[in-house]
Amino acid sequence: MADYKILFTGSVCSGKTTAIRSLSDIETIDTDASVSDSAIRRKQKTTIAMDYGVLEMSDSSRLHLYGTPGQERFRFMWQLMMSDLVHDAQALVLLVDNTRNDPFKDIRFYLDEFRDYLVQRQLIIAVTHSDQQAHPDHAYYMNELKGMGIFTTVLFIDARYPDSVLEVVKSVLAEREPDLNWDELGQRLMAHRPPVIEEEEESSEAPVAAETSEPPEVKLFSAVSLMDAAMNTRGITGAMHLGADRKVLETNIGSMQNQAMLKTMVNLVAALEKKVAFLGHIDNLVLCGPEHETLSVFVEERQALGLCSEKELSLAVVKQQGQDLLQWSGE
Amino acid sequence: MKELLGQVDKAGVVESSCILQGAEISVSTFASRNHETVAKKAFSYVFQNVSKLRTKHDEAHLEIGGKRLSGFMLNGERVLICMSDKNTNVSLVREHIYLLKPKFEA
Ligand SMILES: Nc1nc2c(ncn2[C@@H]2O[C@H](COP(=O)(O)OP(=O)(O)OP(=O)(O)O)[C@@H](O)[C@H]2O)c(=O)[nH]1
Ligand SMILES: [Mg+2]
């Protein structure tokens with residue numbers, strides 16, 4: 001019996017749990033809990049430890065599927081998995097959610113996290129949610145990755161469809177399993193496991209949507225404002241949302257002192273952006289001290305975010321949260 | 001002071017450093033004038049406002065391009081400024097500076 005292993009990783013909501021559920025012959029072991037805090041009210045459940053499933057590919061070969069938790073606060077699990085359970089996996093599949101503001105930022109982040117792990121392993125980049133957001137397209141990915149010096153397979157999949165996820169497995173194992181009938185396996189999966197399409201929980205209450213050209217998902221995303229997301233993130237006590245012109249769009253920072261300090265920080269950032277752009281993009285400015293809340297400003301072309309965080313939070317966490325939040329507000 | 005700055009610069013942690021006294025740089029190991037100037041302008045502005053608004057912050061970090069500029073307030077209206085690669089763990093930089101800070105303030 002040949003046993004193979006594949007590890008799935010990627011940002012929150014990229015479809016790791018769904019992909020594994022699509023393929024697995026056994027009841028998948030997932031450790032999803034309701035999303036309590038943090039940015040992610042867009043979804044109802046998030047994986048807190050890991051996902052595991054098994055696919056009997058043939059009488060003589062079996063595939064073990066593992067998925068990491070997506071949220072940054074469970075990052076210790078990634079290390080644990082890499083050094084133990086999946087130290088002998090054949091491939092890492094990076095799922096990339098195409099609806100994110102900057103999917104390439106995610107790619108950079110995960111490739112950096114898994115750099116050592118990838119030394120002896122195949123990497124597949126699988127783009128999900130492209131039915132909701134078609135751009136960037138395949139050609140764009142290939143070109144951008146080439147620019148980053150990354151030459152690897154990029155597939156567009158829908159994690160809810162078993163035959164679609166199977167394409168990923170095929171590109172990892174086709175050479176190792178030359179006799180396997182992939183089409184037949186795909187048909188078996190589709191027959192026994194209809195696509196995992198979750199229903200909206202409140203759907204019975206919801207009024208019938210008026211006819212618009214916008215797909216319903218888009219509405220769901222924008223219903224969660226950046227401010228809401230920030231206020232549901234661990235350790236964040238206040239937030240300020242700024243536009244492309246670095247003017248305040250919305251703020252809920254209670255303390256006048258913090259409010260004023262954040263504004264001077266934004267002014268500084270705006271001035272630097274004008275004067276020293278040749279040194280590169282200004283990503284963030286953080287102010288901290290043992291006796292005061294941490295204040296930070298995160299900057300992107302189209303918007304910026306000011307945060308007030310508990311001083312106990314590590315700067316690495318503050319930074320990760322700020323960057324994640326900017327990714328979340330799809331506009 | 002110059003020898004002390006020599007101890008601040010450490011491979012893999014801090015690339016270059018300088019001391020901001022008021023609004024001017026007193027000693028420096030910066031090779032890049034541009035970064036030094038940005039750090040000077042940014043941190044004198046930030047810490048001026050900190051004292052104006054009395055927020056008690058004593059540390060600032062600015063990420064620009066591939067670099068991180070960090071400013072640590074010292075006694076005597078001075079700021080110790082260090083530049084590191086943006087990918088260097090910021091807590092490494094902080095620990096390194098916290099160890100050296102008493103020497104600067106002695
Ligand atoms: N429209 C669409 N929905 C998808 C696709 N892939 C996954 N989904 C949906 O996206 C949602 C999130 O998927 P999950 O599998 O929970 O995401 P995850 O990566 O496990 O997230 P965490 O465990 O929180 O890190 C689910 O509702 C899926 O049905 C896709 O390609 N298109
Ligand atoms: Mg999951």
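How many helices and how many strands are there in chain B?

Modeller: This is a predicted model, and what follows should be read with that in mind. Chain B has 3 helices and 5 strands. Read from the N terminus, the elements of chain B come in the order α-β-β-α-β-β-β-α. Chain B has 106 residues, and 53% of them count as buried. Its exposed surface comes to about 4900 Å², with 53% of that supplied by carbon and sulfur atoms. If we take the contacts in chain B between residues at least 6 apart in sequence, 49% join residues at least 24 apart.

B:Ser16 is in strand β1 of chain B, which covers residues 16-21. B:Ser16 counts as buried because its relative accessibility is 5%, and the cut-off for buried is under 20%. Setting aside neighbours within four places in sequence, the contacts of B:Ser16 are B:Asp9, B:Thr29, B:Phe30, B:Ile81, B:Cys82 and B:Met83.

Chain B also takes part in a patch of positive charge on the surface, where B:Lys41 gathers with A:Lys247, A:Lys274 and A:Lys275. Of these, A:Lys274 sits in helix α9 of chain A, residues 256-275. A:Lys274 has a relative accessible area of 71%, so this residue is exposed.

Now the salt bridges. Over all chains the count is 19. One of them joins A:Asp3 to A:Arg62, with the closest N and O atoms 3.2 Å apart. A:Asp3 belongs to strand β1 of chain A (residues 2-10) and A:Arg62 to strand β4 of chain A (residues 61-67), so the pair ties together parts 59 residues apart in sequence. A:Asp3 is partly exposed at 38% relative accessibility, and A:Arg62 is partly exposed at 26%. A:Asp3 and A:Arg62 are also linked with A:Glu56 in a network of salt bridges.

A second salt bridge is formed by the side chains of A:Arg100 and A:Asp106, at 2.8 Å from N to O. Here A:Arg100 is buried, with a relative accessible area of 8%, and A:Asp106 is buried, with a value of 8%.

A further salt bridge pairs A:Asp131 with A:Arg160, the closest N and O atoms being 3.2 Å apart. This pair links distant parts of the chain, 29 residues apart: A:Asp131 is in the loop between β6 and α4 of chain A, and A:Arg160 is in the loop between β7 and α5 of chain A. A:Arg160 is partly exposed, at 25% relative accessible area.

Note on methods: Residues are numbered from 1 along each chain as its sequence is written. Chains are lettered from A and ligands numbered from 1 in the order in which they are written. This is a predicted model: local features need pLDDT of at least 70, side-chain atom pairs count only at pLDDT 80 or more; totals for chains, interfaces and linings use all residues. Side-chain values use heavy atoms; hydrogens and water are left out. Helices (H or I, at least four residues) and strands (E, at least two) are DSSP runs, numbered from the N terminus. Buried means under 20% relative accessible area, exposed over 50%, partly exposed in between (1.4 Å probe, protein chains only). Contact means heavy atoms within 4.5 Å. Accessible areas come from the Shrake-Rupley method with a 1.4 Å probe; for residues, only the protein chains shown count as cover. Patches are made of residues with over 30% relative accessible area and no salt bridge: like charges are joined within 9 Å, nonpolar side chains (Val, Leu, Ile, Met, Phe, Trp, Tyr) within 5 Å. A salt bridge is a side-chain nitrogen of Lys or Arg within 4 Å of a carboxyl oxygen of Asp or Glu. Lys and Arg count as positive and Asp and Glu as negative; His and the chain ends are not counted. The place of a charge is taken as NZ of Lys, CZ of Arg, CG of Asp or CD of Glu.
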